[in-house]
Amino acid sequence: MKESRRPVLTDDELLAGLATGSDDVLNQLYRRYFPMVLHFVTSNSGSEDDAKDIYQETIVVLYEKAQSGTLELHCQLKTYLYSVGRRLWLKQLTQRNRFMVRDIETPAADDFAGQQIDADLTEHEERDRQFDLMADSLDRLGEPCRTLLEDFYIRHLSMQAITDKFGYTNPDNAKTQKYKCLMRLKRLFFSEYKQS
């Protein structure tokens, strides 16, 4: 089997590529850093599937920060990924009432880097909570509103295509229905959002 001849990217190049959604960068991030997360998770009561889930969530945290342009690395990318993955796994162990840590790498020890990682994880968890709340609100919205909004906002169908699909008399009626559905969705979402 031939060894890959792809250049080894720097941390900055990896982050820039991740922000643009480069598959090459994702593959390189996986090849370079997944083994350390796998080793940490499997050395601390987890399975390979647990490690894959943790690493995927770790990459999502990094991706969100890289894409928003708000990531400020105060440590090596490897240390950042290890620290985020470590904290995510420790949180899961706590939820499973299993807590024993054997580190295989050095997590971010610098206070500033640690605070940054905590803030990034808090932001990620809040975004996940909002996505869950939105998914629940969409479920409660019911049909045909749910499909109409998904067709417009996710599948990017035109108002004419939505008019034809739902049998509205013209695109203006479809727009009115979309607006009513969106207002209902906002009420459902924010009624739950304020309570939690």
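Glu 150 is buried, at a relative accessible area of 12%. That places Glu 150 below the 20% cut-off for buried residues. Its side chain meets that of Arg 155 in a salt bridge, with 3.5 Å from N to O. Arg 155 is partly exposed, at 45% relative accessible area.

This structure is a predicted model. The mean pLDDT of the chain is 86, and 90% of its residues reach 70 or more. Among the elements, helix H7 (residues 159-166) has the highest mean pLDDT, 94. Helix H5 (residues 111-141) has the lowest, 84. Where pLDDT is low, predicted coordinates should not be read in detail.

**A network of charges**

Side chains of opposite charge can pair when their charged atoms come close. How many salt bridges does the count come to? The count is 15. Three of them are set out below.

| Asp 139 | Arg 146 | 2.3 Å |

Asp 151 lies in helix H6 (residues 145-154) and Lys 165 in H7, so the pair ties together parts that are 14 residues apart in sequence. Is Asp 151 buried or exposed? Asp 151 counts as buried, because its relative accessibility is 0%.

Salt bridges that share partners join Asp 139, Arg 146, Glu 150, Asp 151, Arg 155 and Lys 165 into one network. Asp 139 counts as exposed, because its relative accessibility is 52% and the cut-off is over 50%. Arg 146 is partly exposed, at 24%.

**Nonpolar cores**

In soluble globular proteins, nonpolar side chains tend to be buried together. Here the largest nonpolar core has 33 residues. Which residues touch the most other members? They are Leu 29, Tyr 33, Tyr 55, Leu 62, Leu 77, Tyr 80 and Leu 81. Helix H4 supplies the largest share, nine residues.

Another core lies apart from the largest one. This other core has seven residues, including Leu 141, Leu 149, Leu 182 and Leu 185.

Now look at Tyr 80. Leaving aside residues up to four places away in sequence, Tyr 80 touches Val 61, Leu 62, Lys 65, Leu 71, Leu 73, Cys 75, Gln 116, Ile 117 and Asp 120.

**A buried glutamine**

Gln 28 is found in helix H2 (residues 23-42). Gln 28 counts as buried, because its relative accessibility is 5%. What does the side chain of Gln 28 join in a polar contact? The partner is the side chain of Arg 32, at 2.8 Å. An α-helix has 3.6 residues a turn, so residues three or four places apart point the same way. Further along the sequence, beyond four places, Gln 28 touches Pro 7, Val 8, Leu 9 and Leu 14.

**Backbone details**

Most residues other than glycine have a negative phi, and most peptide bonds are trans. Some places in this model depart from that pattern.

Ser 45 has a positive phi, near 70 degrees. Ser 45 lies in the loop between H2 and H3. At 41% relative accessibility, Ser 45 counts as partly exposed.

His 156 has a positive phi too, near 55 degrees. His 156 belongs to the loop between H6 and H7. Is His 156 buried or exposed? His 156 counts as exposed, because its relative accessibility is 63%.

Where is the cis peptide bond? The cis bond runs from Glu 143 to Pro 144, with omega near 5 degrees. Pro 144 has its place in the loop between H5 and H6.

How values were computed
Residues are numbered from 1 along each chain as its sequence is written. This is a predicted model: local features need pLDDT of at least 70, side-chain atom pairs count only at pLDDT 80 or more; totals for chains, interfaces and linings use all residues. Side-chain values use heavy atoms; hydrogens and water are left out. pLDDT is the predictor's confidence in each residue, from 0 to 100. Helices (H or I, at least four residues) and strands (E, at least two) are DSSP runs, numbered from the N terminus. Buried means under 20% relative accessible area, exposed over 50%, partly exposed in between (1.4 Å probe, protein chains only). A polar contact is a pair of N or O atoms within 3.5 Å; within protein, one must be able to donate a hydrogen and the other to accept it, and residues adjacent in sequence count only if both atoms are side-chain atoms. Contact means heavy atoms within 4.5 Å. A salt bridge is a side-chain nitrogen of Lys or Arg within 4 Å of a carboxyl oxygen of Asp or Glu. A nonpolar core is a set of buried Ala, Val, Leu, Ile, Met, Phe, Trp, Tyr and Cys residues joined through side-chain atoms within 4.5 Å.
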